[in-house]
Amino acid sequence: MAGFMQTRLGRKPPDKGSFPLDHDGECKKEMLRYIICLRKSDHDNNSCRAESKDYLKCRMDNNLMAKEDWKKLGYSDDIKKTEDT
């Protein structure tokens, strides 16, 4: 039991901190599209980048996460597309 407590106390919090859950389902449609895409692609997240980006955009638009630059979220190769949408 001591090992468990030591491991737990030594954890570093996430870089972005916590964010509110989507209790009202504001981004449920985007989240489900992303999950379905992951299942269809054998959990290859590169195949689901558009769905992932749509989900994050919805969360940012609905104040469910802080607005971030797409480049900081790993979408640097999609910057041109982002500017168009």
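Q: Before anything else, how are the accessible areas defined here?
A: Accessible areas come from the Shrake-Rupley method with a 1.4 Å probe. The model is a predicted one.

Q: With that settled, what does the accessible surface of the protein come to?
A: About 7,000 Å². Carbon and sulfur atoms hold 52% of that surface.

Q: How much of the protein is buried?
A: Of the 85 residues, 21% are buried.

Q: Switching to secondary structure. How many helices and strands are there?
A: Four helices and zero strands. Along the sequence the pattern reads α-α-α-α.

Q: And contacts? What share comes from residues 24 or more positions apart?
A: They make up 44%, counting contacts with a separation of 6 or more.

Q: Now backbone angles. What is the phi of aspartate 42?
A: Positive, about 55°. Aspartate 42 is not a glycine.

Q: Is aspartate 42 buried or exposed?
A: Exposed. The relative accessible area of aspartate 42 is 68%, and the cut-off for exposed is over 50%.

Q: Next one: what about the phi of asparagine 63?
A: Asparagine 63 also has a positive phi, of about 55°, and is not a glycine.

Q: Which loop holds asparagine 63?
A: The loop between H3 and helix H4 (79-84).

Q: Why does asparagine 63 get called exposed?
A: Because its relative accessible area is 61%, which clears the over 50% cut-off.

Definitions and conventions. Residues are numbered from 1 along each chain as its sequence is written. This is a predicted model: local features need pLDDT of at least 70, side-chain atom pairs count only at pLDDT 80 or more; totals for chains, interfaces and linings use all residues. Side-chain values use heavy atoms; hydrogens and water are left out. Buried means under 20% relative accessible area, exposed over 50%, partly exposed in between (1.4 Å probe, protein chains only). Helices (H or I, at least four residues) and strands (E, at least two) are DSSP runs, numbered from the N terminus. Contact means heavy atoms within 4.5 Å.
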